[in-house]
Amino acid sequence: MFSRQRGCSQWLQACTVLVCAQGLLTPVAAAQALALSLPDALARGSERAPELVLWDRQIEQVEARRNGAGILLPVNPRLSLEARPGFSEKSLGYAATLDTQFDLGGAPSARVSEVQRDVELARAERRLERVSARLRVVDAYLGAQLGELQAAEARAGLELARRVLDAADKRLEAGAGSELERTSAQVELARIQASEQAALRERDERLMQLREALDLPAHQALTLTTGVDTPAPLEAVNVYLDAAKKGHPELLASQARLRSYKATQTRLEREVFPRLGLFAGVDAAPKSPVFGVLGVSGELPVAQRNQGPRAVIARALETERTRFELSDRRIAREIRAAWDAHARRLSEYSVLSQSALPAAERTFELAEAGWRAGRFDWFRVALAARDLVELRGARIAALSALWTQRIVLARAMGGDVP
């Protein structure tokens, strides 16, 4: 009895230790966050983006068409058997024929080349999708960081609002203020608190979008390490125009589509060549010697085949050439427009950062000092604080618009965000 009680006690102690250990380890595991710089996120997105994973499967599906593409036999050989009974002599004869056809006009090699061009087209379209996937990563990453900056500015605004509310409370206690001053300060404090929560909500939404772009678990904690408050200067617009003309994924995909159409056109033209065949047989009729048969057959080109498909592919080639020319000019316009718009956004951000925001901070300091000295009323301090908070928010909004314009420029270039 004693040993049984001792065993149960040891078992309970072991369970308690396990439970405590689990309770200690779980927060540590949950606290482990994945640190991601923007280059790391782009590298992960290039490998794990769901749309790119699907494109890899589609490329494999196109490559599977190589199987049997180069076979010279367009159809399976055909075997014919005959029975030849002799009704008068009650004897039985027979006959057999084996025939097959061959594609000797180059169609099999053209089919192999067509598959190769289609694979190249699929890879070019994947590169085009890769640009969109990477820009989706950039957009989510920058949005999360900008949301955090907006929340930080809101927290700085909360400090100002609490200072103004504290001053209103002291004035009310001293009998120099009014309840209106206090309630106005409370309203401003609540407004800034709401804006902080909105910024945090935006950050969390963008983090979830980043997890989706990287195919990460929904509960995966993320720590973003690349700052977004100091955008690097852009190169001259001609640099981006030249880069797009040489390697824009949309233009490369259009060129790959042209090569694919030409390969299809070649295959259709070679399939017009008449198919040639061989046949062999044996004939053993009743009361007749056994004969062997060996011969050659060929199609008579009375009517040309593939007239409709060849006409369609010819028009498709003309359409794709026109699309390429139009896309080339459109991309140049989009790059120049995005570059010019970015310059305007940069000027707006510079004015807010270097002129408006320092002036607003100085105005608040002067208003607060003047109010404490008795030269200004309380409402001037509250107005200066509100202007400062709004300008800080406007600066982050201008920074967000600046990064958005960079993404527009990157999309027009067909590359990464400069």
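Author: Let us start with a term. An axis is a line fitted to C-alpha atoms, for helices over the stretch in contact, and angles run from 0 to 180 degrees between N-to-C directions. Keep in mind that this model is predicted. In it, the axes of helix α4 (residues 107–174) and helix α7 (residues 249–270) come within 8 Å. They cross at roughly 165 degrees.

Reader: Why are α4 and α7 called roughly antiparallel?

Author: Angles over 145 degrees count as roughly antiparallel. The angle here is roughly 165 degrees. Therefore α4 and α7 are roughly antiparallel to each other. Their crossing is left-handed.

Reader: What kinds of residues make the contact of α4 with α7?

Author: That contact divides into 11 nonpolar, five polar and 12 charged residues.

Reader: What makes α6 roughly parallel to α7?

Author: Again, look at the angle. Helix α6 (residues 237–247) and α7 pack at about 25 degrees. Their axes are 6 Å apart. Angles under 35 degrees count as roughly parallel. So α6 is roughly parallel to α7. The crossing of α6 past α7 is right-handed.

Reader: Which residues make the contact between α6 and α7?

Author: From α6 come A244, K245, K246 and G247. From α7 come P249, L251 and L252. By kind, the residues of this contact are four nonpolar, one polar and two charged.

Reader: Now single residues. How do you know whether A185 is buried or exposed?

Author: Compare its relative accessible area with the cut-off. Buried means under 20%. A185 has 3%, so A185 is buried. Its place is in helix α5 (residues 179–214).

Reader: What is A185 in contact with, leaving aside its neighbours within four places in sequence?

Author: A185 is in contact with V164, L165 and W378. A185 and A167 are 18 residues apart along the chain, and their C-alpha atoms are separated by 9.3 Å.

Reader: What makes D215 exposed?

Author: Exposed means over 50% relative accessible area. D215 has 52%, so D215 is exposed. D215 lies in the loop between α5 and β4 (222–224). D215 also has a positive phi of about 55 degrees, although it is not a glycine.

Reader: Why is T322 called partly exposed?

Author: Partly exposed is the range between buried, under 20%, and exposed, over 50%. T322 has a relative accessible area of 41%, so T322 is partly exposed. T322 lies in helix α8 (residues 307–372). T322 and N67 are 255 residues apart along the chain. Their C-alpha atoms are separated by 34 Å.

Reader: How do you know what to call A369?

Author: A369 has 43% relative accessibility, so A369 counts as partly exposed. A369 lies in helix α8.

Reader: What does pLDDT say about the chain?

Author: The mean pLDDT of the chain is 86. Of its residues, 91% reach 70 or more.

Reader: Where does pLDDT stay under 50?

Author: One stretch is residues 1–8, for which the model has zero contacts beyond four places in sequence. Another is residues 14–31, for which the model has one such contact.

Terms used: Residues are numbered from 1 along each chain as its sequence is written. This is a predicted model: local features need pLDDT of at least 70, side-chain atom pairs count only at pLDDT 80 or more; totals for chains, interfaces and linings use all residues. Side-chain values use heavy atoms; hydrogens and water are left out. pLDDT is the predictor's confidence in each residue, from 0 to 100. Contact means heavy atoms within 4.5 Å. Helices (H or I, at least four residues) and strands (E, at least two) are DSSP runs, numbered from the N terminus. Buried means under 20% relative accessible area, exposed over 50%, partly exposed in between (1.4 Å probe, protein chains only). Angles under 35 degrees count as roughly parallel, over 145 as roughly antiparallel, 65 to 115 as roughly perpendicular and the rest as oblique. A crossing is left-handed if the near helix is turned anticlockwise from the far one by less than a right angle, and right-handed if clockwise. Ala, Val, Leu, Ile, Met, Phe, Trp, Tyr, Cys and Pro count as nonpolar, Asp, Glu, Lys and Arg as charged, and the others, Gly among them, as polar.
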